[in-house]
Amino acid sequence: MPAWSSSWQLPDQIADVLPSEARHIEELRRLFLDTARSYGYELVMPPLVEHLESLLTGTGEALGLQTFKLVDQLSGRTLGLRADTTPQVARIDAHLLNRSGVARLCYCGPVLHTRADRPHATREPLQFGAEIYGHAGPEADLEAQLLALDGLKAAGVSGLAVDMADVRIVSSLLAGTNVSASMLARIHAALAAKDSGELDSLMTSLNGDISATARQGLKVLLQLYGDEQVLIEAEKVLPPAPGLREALQNMKRLAAQVAHDGDVKVSFDLADLRGYAYYSGIRFAIYGQGAELARGGRYDEVGAVFGRNRPAAGFSLDLKELVSVLPPRPLKAAIRAPWGEDAGLRAAIAHLRASGETVACVLPGHEHEVNEFDCDRELAQLAGQWTVQPLKKAA
């Protein structure tokens, strides 16, 4: 096999983005940033690479395994390519902005994963996210969900549905129990997978470290998924625990507001706590077009390692994933113009471009090539004046 035959091949689950899809992604990027700005969010641009100890501070083992590492040729220190942007934005809020009140921040940029988080997904997502710092009330949780939904609606996503859970339910059931971080992660995984056998095994291994009431509460969670009746049932069957009723009532209020207009379905899965380890309250996922498109929630502890334990809520999504479930955009309308050095022609082209039109000049010898734009008009000289005319396409 010739050496050149593999030299241009990309790593697994890394791909070039070609013009039509790239234009769609860029349009979505602008749409989400504009939507966030309309809510009062400010754009930040964290670096793609940081010292590893800073990048992974407080994020847990899961994110560490997703992070590519490399050596800085200048300092010899280990660097990491970010796998998620939320910890970086928490650092910006804590150290660089250091505001006493609410800070609304958004971002959009690539992240890199050592492994894709689902089959056929890219390892180089283009992550958009929005974070609100400094408000502990449910209003911030609601704003994060509404902003995500407004952006997805504007992008043309249909059949939107929000699925909610709250990590405080499991935390309340395990209050006073001596459970290690690794064991807690296994319990969360078993709950999310609805794996009753694995959950029973974990409960057995804990022996006397967990009460019979907590055991029963965790097993009941496996059945608590569905519509709003789930919350009513949960209040009946879950044992009394500090913070549990508050978490259920909070989800009720959020669901009522999210479903207010009737065009968004709301469901609950009280055992599904997937995601990075920093969630501290409500957790939500948004579905549309048959796919999970956004994920977010409350993560009040994310800034603690940076010296400011501020309330925080937000969400993120992958614009590449979003584009893959939306219909392709039609070609952009454009004006076809002849190539020439005539001053009047150049002035006419410059005027059209300044007014927002796309003008594609036909290079000599390429008059009959298919254009990547939909040239539905042409710039033609009539009676000594350059004017835009409907383009007569060949039959």
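The dialogue below goes from the overall build to salt bridges, backbone angles, a surface patch and a cavity.

Me: How many helices and strands are there in the protein?

Reply: A word on the source comes first. This is a predicted model, in which local features need pLDDT of at least 70 and side-chain atom pairs count only at pLDDT 80 or more, while totals for chains, interfaces and linings use all residues. Residues are numbered from 1 along each chain as its sequence is written, and side-chain values use heavy atoms, with hydrogens and water left out. Helices (H or I, at least four residues) and strands (E, at least two) are DSSP runs, numbered from the N terminus. The protein has 14 helices and 16 strands. Its C-alpha atoms fill a box of roughly 95 × 55 × 50 Å along the principal axes.

Me: What percentage of the residues count as buried?

Reply: Buried means under 20% relative accessible area, exposed over 50%, and partly exposed in between (1.4 Å probe, protein chains only). Here 43% of the 395 residues count as buried.

Me: How many salt bridges does the count come to?

Reply: A salt bridge is a side-chain nitrogen of Lys or Arg within 4 Å of a carboxyl oxygen of Asp or Glu. By this rule there are 25 salt bridges. One of them joins Lys320 and Glu124, with the closest N and O atoms 3.6 Å apart. That pair links distant parts of the chain, 196 residues apart: Lys320 is in helix α13 (residues 319–325), and Glu124 is in the loop between β5 and β6. Lys320 is buried because its relative accessible area is 19%, whereas Glu124, at 27%, is partly exposed.

Me: Which residue meets Lys194 in a salt bridge?

Reply: The partner of Lys194 is Asp269, the closest N and O atoms being 2.8 Å apart. Lys194 lies in the loop between α8 (181–192) and α9 (196–206), and Asp269 lies in strand β9, 75 residues apart. At 27% relative accessibility Lys194 is partly exposed; Asp269, at 12%, is buried.

Me: Where does Asn98, with its positive phi, lie?

Reply: Asn98 is in the loop between α5 (86–97) and β5 (103–110). Its phi is about 55°, although Asn98 is not a glycine. His120 also has a positive phi, near 70°, and is placed in the loop between β5 and β6 (126–133). His120 counts as exposed because its relative accessibility is 82%.

Me: Which residues make the nonpolar surface patch?

Reply: Patches are made of residues with over 30% relative accessible area and no salt bridge; like charges are joined within 9 Å, and nonpolar side chains (Val, Leu, Ile, Met, Phe, Trp, Tyr) within 5 Å. Accessible areas come from the Shrake-Rupley method with a 1.4 Å probe, and for residues only the protein chains shown count as cover. Leu48, Val49 and Leu70 make a nonpolar patch of about 210 Å². Leu48 is in the loop between β1 (42–43) and β2 (49–51).

Me: Which residues line the largest cavity?

Reply: On a 1 Å grid over the protein atoms alone, a cavity is a set of points where a 1.4 Å probe fits but cannot get out; lining residues have an atom within 4 Å of a point. The lining consists of Leu55, Leu56, Leu63, Thr67, Arg82, Ala83, Asp84 and Pro87.

Note on methods
On a 1 Å grid over the protein atoms alone, a cavity is a set of points where a 1.4 Å probe fits but cannot get out, and a pocket is an open set with protein on both sides within 12 Å along at least five of seven lines; lining residues have an atom within 4 Å of a point.
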